[in-house]
Amino acid sequence: MSRRGWRNRGWVLFFLLPSAIPLVLFTAVPMVSSAWVSLNRWNLISPMQWVGVDNYTHLLSDPATRDVFAHTLVYCAGYLPLVFAGGLGLALLLNQRMPGRAFFRAAYFLPVVTSWVVVALVWKWLLNPSSGLVNSLLGALGAPQPGWWTDPAWALPAVILASAWKDLGFVMVIMLAGLQAIPQDVLEAARTDGAGAWQRFWRVTLPLLSPSTFFVVVISLINGFQVFDQVYVMTGGGPSGSSQVVVGQIYDLTFRYGRAGEASALSWILFAVILLITAVQVRGQRRWVHYA
Amino acid sequence: MPSLRTVSRWAAVVLGAAIMLVPFVWTVITSITPNGSLAGGPTLVVKDPTLAAYRELLDALPMWRIALNSLWIAAASTLFQLVTGSMAAYGFARLAFRGKGLVFGLYLATLMVPMQVLVVPLFIEMKTLNLQDTYLSLLAPSIASAFGVFLLRQAVESLPRDLDEAATIDGAGHLRIFTTIVLPLIRPALATVAVFAFMGSWNSFLWPLVVIRSPELMTLPLGLSTLQGQFTTDWDVVMAGSVFSILPIAVVYLVAQRHIIAGIAHTGIK
């Protein structure tokens, strides 16, 4: 090889190795070994025992798997509309000149930079069934006071509420950026054509926002299926498994029940589900996402 | 007189701010309320405010050290990701080599694998390397991020090539072009990557939970979560811990607010 070629190769290594080495060591190697572990029975201590695809077939027929996926789906179904409607609402409110706008934007965004564990603890206290702020307010209004994280029927809604509260500001910022990218003359043209505010919103603003909406939906569903921190802190998956989610199950299988093989298999099933859902959305975007 | 519309808009904005801020205010109030008076339900005016919960917190956990851990680990992983990411971005955008598409595809593939898939084998890897419960293990998974590489490569690709061609004619090598021309021009993208890297590390919970045992190596989310186990009902202590963990990030946020929000908005725009 020519001297020039060798020198070029040297530069390629120089620029790529600093990222390639850690990515291989801490992502690629674990990825491959995870696939390997998922084909074995293993409690992290005694030697692995090859079981082929048994972990997968067992998981797919296990009612516990169905439950954790159902809970994760319920979480997504509750969380997504809440953050989307809330975040869009806040963005619409702030998309106009008004005094104190910078302050309000900063306030809405504060929970986004707060860590999940803190948010979960704060909301666990706010939603404390006996002495929490929320139930005291509900009591003062004469409304029923749910048992929140102590009640199997209310544990997931409690987690959903806390999660939506944290992520509202994130969605708001994305939607605000989308709103500001809408050319004013399009809205102006609709107005001169006699479209009312309501019509302009549904017929012009919302369709032109669809790229931002698409981004929010894709990201929220990916994050939603990976929900863990707030569930672990607020409910620990309980009461009696009523709020156990997929990642919580992966954690428990590995570190509580010593079933690392099944845990790895479950993590691959989760990955496949996320990939599938994302792929479906990317394919489906042609029908409703309008890029200007 | 302001119109009804203006008034209702204001009411909505203020209500929104109340919903977002009251939990924080409530956290502070709880943390200075004497433990005994918490059970009676909320009061707005704290009778006999006390810092006892903070003292108890500092007795239970090495909180200063834990906060420092969180800060320097987040700072270090941000720095690492900026360096490794921008170098790779330059490599992919400006160097020609065989198999580039394949290598870049492999980078992207690592982007799609969630932490949950990696956590078990990564834990075992750390155990085999005898690194579990060390700072190195905490930092290892965030030295390089494919997301950063991807975002920065887009930024480098969008720079006009005439710039580096002119520099090459002037005798500048890759290293000079990279440091003096490319890096200053991709600053907005670097800021976005920095925001995500810092927040990602600062908030990270699952990985520290798996790999760290010693209290003096913990980060804030992990330390806080152990507090809950020890003091199931001591909400004043748990809230004191929450205040303790919110304060540093709130300061960072107030200083860099504009960049943080712009950085996040930047990712949503095609």
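Author: Let's start with the record. An unreviewed UniProt entry annotates residues 69-281 of chain A as "domain: ABC transmembrane type-1". Please keep in mind that this is a predicted model.

Reader: How far apart are the end C-alpha atoms of residues 69-281 of chain A, and how much of the span is helix?

Author: Those end atoms lie 19 Å apart, and the span is 75% helix and 0% strand.

Reader: Which residues of chain A does UniProt list under "transmembrane region"?

Author: The unreviewed entry gives residues 68-94, 106-126, 154-179, 200-222 and 265-282 of chain A. For residues 106-126 of chain A, the end C-alpha atoms are 22 Å apart, with 90% helix and 0% strand. For residues 265-282 of chain A, the end-to-end distance is 26 Å, and the span is 100% helix and 0% strand.

Reader: Now packing, please. How do I read a pair of helices?

Author: Two packed helices are described by the angle between their axes and by the distance between those axes. Take helix α2 (residues 54-61) of chain A and α13(A): their angle is about 70° and their axes are 9 Å apart. Angles from 65 to 115 degrees count as roughly perpendicular, so α2(A) and α13(A) are roughly perpendicular to each other. The crossing of α2(A) past α13(A) is right-handed.

Reader: Which residues make the contact between α2(A) and α13(A)?

Author: From α2(A) come A:Asn55, A:Tyr56, A:His58 and A:Leu59, while α13(A) supplies A:Gly261, A:Glu262, A:Ala265, A:Leu266 and A:Ile269. By class, this contact has five nonpolar, three polar and one charged residues.

Reader: And helix α12 (residues 246-255) of chain A: is it mostly covered or uncovered?

Author: Mostly covered, with eight of its ten residues buried. Among them are A:Val246, A:Ile250, A:Tyr251 and A:Leu253. The cover includes α3 (63-94), α10 (210-225), α11 (229-234) and α13 (260-288) of chain A, together with α5 (115-128) of chain B.

Key:
Residues numbered from 1 in each chain as written. Chains lettered and ligands numbered in written order. Predicted model: local features only at pLDDT ≥ 70, side-chain atom pairs only at ≥ 80, totals over all residues. UniProt positions renumbered as here; feature names shortened; annotations may be inferred. Helix = DSSP H or I, 4+ residues; strand = E, 2+ residues; numbered from the N terminus. Buried ≥ 20, exposed ≤ 12 C-beta atoms within 10 Å, placed from the backbone. Contact = placed C-beta atoms within 7 Å. Axes fitted to C-alpha atoms, helices over the stretch in contact; angles between N-to-C directions. Parallel < 35°, antiparallel > 145°, perpendicular 65-115°, else oblique. Left-handed = near helix turned anticlockwise from the far one by under 90°. Nonpolar A, V, L, I, M, F, W, Y, C, P; charged D, E, K, R; others polar.
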